[in-house]
Amino acid sequence: MVDAFTVDPDALDKDAQTWRDWKGDLQKISNGIPMAGSDFDSLAFSILPGAQDVLAAYKTVTSALEESISTGLEQFQGFDQKLTKVASMYREAEETNVEEIASTDAEVG
Amino acid sequence: MMIDVPKIAADFIKGCNTSEKALQNAVADAPGILRQIVDSQLVTKFLPGFAKQKLIDAVMWAVRKVADLLYEVIELFRLLARSVGNPATLRTAAEGMVTDVATASDTLTEDLKPASLQGTQTENWKSPAAVSYATGLSEQALSVKGIGEIARNLDLALRDMADSIESFYTDAEIAFLGLAISVAGLVIAIATAGPTLGVGTVLGLVASVAGLIMSVWGFVSAFTNSASRNSDDAAELAASPSVVWTESAFAA
């Protein structure tokens with residue numbers, strides 16, 4: 001514990017793991033997007049009139065979705081890293097405080 | 001409505017091959033048949049040779065004109081059969097879009113709530129950073145939720161496209177019937193022209209032209225319906241909102 005703040009570094013470490021798991025789930029969602037041309041044949045749309053417009057719109061929207069999710073993956077990683085860093089900083093601060101208290105105790109003693 | 005588009009395409013190819021062969025044979029046999037007729041019929045057998053040939057040439061010109069049109073339509077059906085598309089593949093992709101993307105993102109959205117985390121509980125973490133953490137969590141949950149909405153639009157677009165292809169081929173089957181009628185009309189006319197030289201052939205040409213009109217009308221109708229429907233779907237999909245992923249201050 002740190003004075004003036006309530007913090008449990010172990011809780012933050014557990015949260016960091018949760019965000020890592022969620023990142024894995026989000027990655028699976030991204031991988032699950034059926035991409036025309038790679039996951040399935042673009043010719044499935046046929047070459048009937050207007051079909052190529054649907055295909056082009058489909059590709060645009062799926063690519064944008066994939067790109068957006070990649071930002072999400074970075075965000076989730078950012079949460080994981082920030083939590084790990086904060087937990088570590090709190091632990092260091094707590095250790096420093098304990099050392100200072102011990103030193104002060106020794107001087108007082 | 002679900003129809004077996006690949007089977008229809010295969011039937012088109014088979015029918016095209018049969019029609020083309022029948023047409024080639026009929027056109028190849030036509031001059032000989034016409035020669036026999038002009039030489040044997042009362043109304044023509046006493047005509048001078050050049051007049052008989054002129055008559056044969058005139059009928060053959062019309063036969064070849066119609067036959068050429070029929071060959072073009074046959075090629076069009078072959079092109080359609082090759083570019084048939086695959087509704088089953090589109091529906092499989094749509095299912096994946098729902099299961100692996102829409103439903104999975106719904107589940108993840110449900111998971112992204114304060115109760116799933118420990119740092120969002122004040123007994124574990126109480127500080128200004130904890131407030132930013134909680135805000136960031138709700139921002140990320142909203143972004144994940146947006147995936148599901150887009151995935152459902154994409155699912156709809158894939159299913160509509162599959163329906164559109166099937167609808168087109170249902171119309172095209174009617175057009176193909178017109179082609180079959182027109183080929184049969186010409187072939188039969190040539191084969192049975194004997195008793196009424198010219199009249200039978202001309203009637204056959206009329207039948208062929210009528211069949212062609214039916215084919216062409218069927219095509220125009222099928223193409224128009226397909227183009228209109230697909231353009232609407234494309235515009236709707238292109239206008240669908242995209243996910244703008246919120247970048248949370250906490251994750252910076």
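Colleague: Looking at Y58(A), which has 1% relative accessibility, does one call the residue buried or exposed?

Modeller: The general idea is a set of cut-offs on relative accessible area, with buried under 20%, exposed over 50% and partly exposed in between, for a 1.4 Å probe and protein chains only. Y58(A) counts as buried because its relative accessibility is 1%. Y58(A) belongs to helix α2 of chain A, residues 51-108, and its C-alpha atom is separated by 7.9 Å from that of A36(A), which is 22 residues away along the chain. This is a predicted model, in which local features need pLDDT of at least 70 and side-chain atom pairs count only at pLDDT 80 or more, while totals for chains, interfaces and linings use all residues, and side-chain values use heavy atoms, without hydrogens and water. Residues are numbered from 1 along each chain as its sequence is written, and chains are lettered from A and ligands numbered from 1 in the order in which they are written.

Colleague: What average pLDDT does chain A have, and where in chain A is confidence lowest and highest?

Modeller: The pLDDT is the predictor's confidence in each residue, on a scale from 0 to 100. Chain A averages 88, and 84% of its residues score at least 70. Confidence is lowest in strand β1 of chain A, residues 6-7, with a mean of 84, and highest in helix α1 of chain A, residues 9-32, at 97.

Colleague: How many helices and strands are there in chain A, and how many in chain B?

Modeller: Chain A has two helices and one strand, in the order β-α-α from the N terminus on. Chain B has five helices and one strand, and along its sequence the pattern is α-α-α-β-α-α. As for burial, 43% of the 109 residues of chain A count as buried, and in chain B 44% of 252 residues do.

Colleague: How should I read the packing of α1(B) and α2(B), and what is the angle between them?

Modeller: Two packed helices are described by the angle between their axes and the distance between the axes. The axes are lines fitted to C-alpha atoms, for helices over the stretch in contact, and the angles run from 0 to 180 degrees between N-to-C directions. Helix α1 of chain B, residues 5-40, packs on helix α2 of chain B, residues 49-82, at an angle of about 175°, with the axes 9 Å apart. These two helices are therefore roughly antiparallel to each other, a label for angles over 145 degrees, whereas under 35 counts as roughly parallel, 65 to 115 as roughly perpendicular and the rest as oblique. By class, their contact has 21 nonpolar, four polar and seven charged residues, where Ala, Val, Leu, Ile, Met, Phe, Trp, Tyr, Cys and Pro are nonpolar, Asp, Glu, Lys and Arg are charged, and the others, Gly among them, are polar.

Colleague: At what angle do α3(B) and α4(B) pack, and how does α1(A) pack with α3(B)?

Modeller: The angle between α3(B) and α4(B) is about 165°, with the axes 8 Å apart, so they too are roughly antiparallel. Their contact has 18 nonpolar, four polar and nine charged residues. Between the chains, α1(A) and α3(B) pack at about 160° with axes 9 Å apart, which makes α1(A) roughly antiparallel to α3(B). A crossing is left-handed if the near helix is turned anticlockwise from the far one by less than a right angle, and right-handed if clockwise. The crossing of α3(B) past α4(B) is left-handed, and α1(A) passes α3(B) in a left-handed crossing.

Colleague: How many salt bridges are there over all chains?

Modeller: A salt bridge is a side-chain nitrogen of Lys or Arg within 4 Å of a carboxyl oxygen of Asp or Glu, and the count over all chains is 11. One of them joins R78(B) and E20(B) at 2.8 Å, N to O, with R78(B) in helix α2 of chain B and E20(B) in helix α1 of chain B, 58 residues apart. R78(B) is buried, at a relative accessible area of 10%.

Colleague: Which residues do salt bridges that share partners join into one network?

Modeller: E166(B) and R91(B) meet in a salt bridge at 3.1 Å, N to O, and because E166(B) lies in helix α4 of chain B, residues 128-191, and R91(B) in helix α3 of chain B, residues 87-111, the pair ties together parts that are 75 residues apart in sequence. Both ends are buried, E166(B) at 1% and R91(B) at 12%. D163(B) and R229(B) form a salt bridge at 4.0 Å, N to O, with D163(B) in helix α4 of chain B and R229(B) in helix α5 of chain B, residues 199-238, 66 residues apart. Here D163(B) is partly exposed at 24%, and R229(B) is partly exposed at 29%. Salt bridges with shared partners join R91(B), D163(B), E166(B) and R229(B) into one network.

Key
Helices (H or I, at least four residues) and strands (E, at least two) are DSSP runs, numbered from the N terminus.
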